[in-house]
Amino acid sequence: MAPSSRLRPRSAPASALLSTDTTLPPADAISSPCIPTPSSHTECSSVGSTSRRGRGPTKGFRSERARAKTGGKLLVQFKNNVPIGINASDFVSEIGLQVRNIAPIRGVQRWKEVPADVRQVIKARVFTKYEVVDYDTSDDVRVAVDRKFQARYRDWRNWMHTHYKNCLKKEIDPKTVPFSGVDKDDWVWVIENVYEDEKFHERSMKNTESRKRLPYNHCMGSKSFTAAMHALADPETGEEPHIVEFYKESHYNKKKKKWTDQKCQEIHEKLVAEREKCMQEGAIQLTQEQISINVLGGRSGYLRGFGNGPKPTSTTRSTRTDSEDGERGALRSTVERLQNENAARSQEMEQMKNNQVAMQRQMEEMMRLVARVTRSDMMTQDGVLTSWSVFLVSSLIELKCIH
C-alpha cells in the first residue's frame, strides 16, 4: 500500500548524508557495512493531511523490536529471486524506508540513475539491520536484492505520481500539496520537469491503458506468490501447496466469499480437471509446471500462477513439446488411415460401377440377338417355337433371373 499523502518534511538530502560519512565500505563489502547514522538524519513526521487517514509510511519500528529480541541482524533468505520467511516483509519495508529517506528526486527517475555512492549508502543502511543469506557468494542473490531496491524506488516514484493525479482530480493545485516526506522545492521540480513533460504523460497514459487490459487480478496484496507459497507450506513436511490449491488461495477472497473474477473460477475448475485427468490409471503424469502451461498457457520465461518466481524449466518445455508432437503424430496417423480407407472404398465403388456398365451392355446385346432371331424364326407353321428360339428365350430368362 502506498504511504498516505500526509505532509511531512523530507530528511536531509543525500549529499548531506554522504558528507557525514567520511569513509565508505568497498563495493565488494556492502553485505555487512556499519555506517553511523548522522545526527542530522531524523525520521520524518506528519504535520497535515489532504485525505483520509491511512496507515502512514513505514518507520521500521517492528524490525527494531525484532532486532532487540535477537540481539543481532535479522536473517533474510531468497528463493526464486524473492525474499521469503518471517523477516521478508520487514526487509522490503526497510528498503523502502531508506530509499525514501536518502534517494534523490531531482535529476533522476530510475534506480539505476541514482549515483552509485548514494545507492551504496542506502544499501549499507539496510544491511546494518539485515543479513541476506548467500549474498556474498551468489550472483543471483545479489541481482535479486538489487532488483528489490529498484522496485521500491520505482514504487516510491509511482506513489508520487498517483498523489499528483489525485490532486488534479480534486481540482487542487498539486504544487501546494507536496507528497508525504518530499521537500516542497523538490516536489515542484518533479512536477515541472517530469509530470508536465509531454513524453512522460504519453508514456504514463500508455501504461495505464495496458494495465486496464489485465483480465483479472489476484487477492494476495503486495506479498509475492513465492513468499505466500512458502508461508502456506506444511509446518511438518515443508511441502508447499499445489498450484491447484494455491490458485484458489490467491484468487478467491475468503472475506467476501467470492472469486476476484468469474473467469478465475472457470480456470480453477480446469486446473482441477487437468490434475484429475493425469491422476487416472495409465495417464501421463504431469508436473505442476506442466499443468500450469496446459491450462493457463505458456509465456517465455514466466510460469502463470506462480508469480515472478520460478521459471519454466527446459524439461517442462521439452515435455510439452514432446506431448504436442505425439498428439500431432497420432492425428496424422488417423488422417492417413481414414484417407486410405476412403480410397479403398472409392476403388470398390468404381469397380462396381464398371461391372454394372458391362452387365448392362451384355443385356442389351442379348436383347438385340433375341430380337433378330425372333423376327426370322419365331413361329413355325404349326405355331410352335423352334428349338433355337426356345434356347434363346430360355437364356434370356435365365440372365434376367441372375440380375
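Some ground rules. This is a predicted model, where local features need pLDDT of at least 70 and side-chain atom pairs count only at pLDDT 80 or more, while totals for chains, interfaces and linings use all residues. Residues are numbered from 1 along each chain as its sequence is written, and side-chain values use heavy atoms, with hydrogens and water left out.

Okay, the overall picture. The chain has 13 helices and 5 strands. Of its 403 residues, 35% count as buried; buried is under 20% relative accessible area, exposed is over 50%, and partly exposed is in between, using a 1.4 Å probe and protein chains only. Contacts here are heavy atoms within 4.5 Å. Taking the contacts in the chain with a separation of 6 or more, 65% are between residues 24 or more positions apart.

Start with helix α3, residues 88–102, and helix α4, residues 116–127: their axes come within 9 Å and cross at roughly 140°. The axes are lines fitted to C-alpha atoms, for helices over the stretch in contact, and the angles run from 0 to 180 degrees between N-to-C directions. That angle makes α3 oblique to α4. For the angle words, under 35 degrees is roughly parallel, over 145 roughly antiparallel, 65 to 115 roughly perpendicular, and the rest oblique.

The α3 and α4 crossing is right-handed. Right-handed is when the near helix is turned clockwise from the far one by less than a right angle, and left-handed is anticlockwise. Who touches whom? On the α3 side we have F91, E94, I95, Q98, V99 and I102, and they meet V118, V121, I122, R125 and V126 in α4. By class, that contact has 8 nonpolar, 1 polar and 2 charged residues. Nonpolar covers Ala, Val, Leu, Ile, Met, Phe, Trp, Tyr, Cys and Pro, charged covers Asp, Glu, Lys and Arg, and the others, Gly among them, are polar.

Let me zoom in on V118, which is found in helix α4. V118 counts as buried because its relative accessibility is 4%. V118 and I102 are 16 residues apart in sequence, and their C-alpha atoms are 7.6 Å apart in space.

Next, α3 with α5. These two pack at an angle of about 60°, with their axes 9 Å apart, and that makes α3 oblique to α5. This crossing of α3 and α5 is right-handed. In α3, F91, V92, I95, G96, V99 and R100 meet V145, K148, F149, R152, Y153, W156 and W159 in α5. That contact of α3 with α5 divides into 9 nonpolar, 1 polar and 3 charged residues.

And then α4 with helix α5, residues 139–169: here the axes come within 12 Å and cross at roughly 110°. α4 and α5 are therefore roughly perpendicular to each other. I122, K123, V126 and F127 in α4 meet V145, D146 and F149 in α5, which gives 5 nonpolar, no polar and 2 charged residues in the contact of α4 with α5.

On to the aromatics. How many aromatic pairs does the structure hold? There are 10 aromatic pairs. Rings of Phe, Tyr and Trp (its six-membered ring) pair if their centres lie within 6.5 Å, with planes under 30 degrees apart called stacked, over 60 edge-to-face, and the rest tilted. F91 and Y130 have ring centres 5.5 Å apart and planes at 70°, so that pair is edge-to-face. This pair links distant parts of the chain, since F91 is in helix α3 and Y130 is in strand β3, residues 130–132, which puts them 39 residues apart. F91 and Y130 are both buried. Ring pairs also link W111, F149, Y153 and W156 into a cluster.

K257, as promised, has a positive phi of about 55° although it is not a glycine. K257 counts as exposed because its relative accessibility is 65%. E171 also has a positive phi, near 60°, and is a residue other than glycine. You'll find E171 in the loop between α5 and α6 (184–195), and it is exposed, with a relative accessible area of 75%.

Key. Helices (H or I, at least four residues) and strands (E, at least two) are DSSP runs, numbered from the N terminus.
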